[in-house]
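Okay, everyone, thanks for coming. Let me put today's structure up on the screen, and then I'll talk you through it.

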Amino acid sequence: MTNAYSFLSTEQEAQLLGAYTALKSVAAECRVPAVGAAVAAALAELRTALDGQDMEIDYFSV
């Protein structure tokens, strides 16, 4: 759910984008199925959250 009256600070935005980048790296390098599933779910949650903040991220890339 998006809260139209609440926005991320610049620091929070950078932290979330850093987490997103780190998870993308794990997804690309790790071949453990359970880890891949957990990373895919986490990336989906981050994409949803970041999309609510009008940030451009790559969809459908995991």
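First, a word on contact: that means heavy atoms within 4.5 Å. With that in hand, take the contacts in the protein chain between residues at least 6 apart in sequence: 53% of them join residues at least 24 apart.

Now, the housekeeping. This is a predicted model, where local features need pLDDT of at least 70 and side-chain atom pairs count only at pLDDT 80 or more, while totals for chains, interfaces and linings use all residues. Residues are numbered from 1 along each chain as its sequence is written, and side-chain values use heavy atoms, with hydrogens and water left out.

So what's the secondary structure? We have two helices and zero strands, taken as DSSP runs numbered from the N terminus (helices: H or I, at least four residues; strands: E, at least two).

How do α1 and α2 pack? Helix α1, residues 10-29, and helix α2, residues 33-51, pack at an angle of about 150 degrees, with axes 10 Å apart. Axes are lines fitted to C-alpha atoms, for helices over the stretch in contact, and angles run from 0 to 180 degrees between N-to-C directions. That makes α1 roughly antiparallel to α2 (angles over 145 degrees count as that).

On the α1 side, the contact includes Leu16, Tyr20 and Leu23, and on the α2 side, Val39, Leu43 and Arg47 are among the residues.

One last stop: Ala40, in helix α2. Ala40 counts as partly exposed, at 29% relative accessibility (buried is under 20%, exposed over 50%, partly exposed in between, with a 1.4 Å probe and protein chains only). Across the 62 residues of the protein chain, 13% count as buried.

Note on methods. Parallel < 35°, antiparallel > 145°, perpendicular 65-115°, else oblique.
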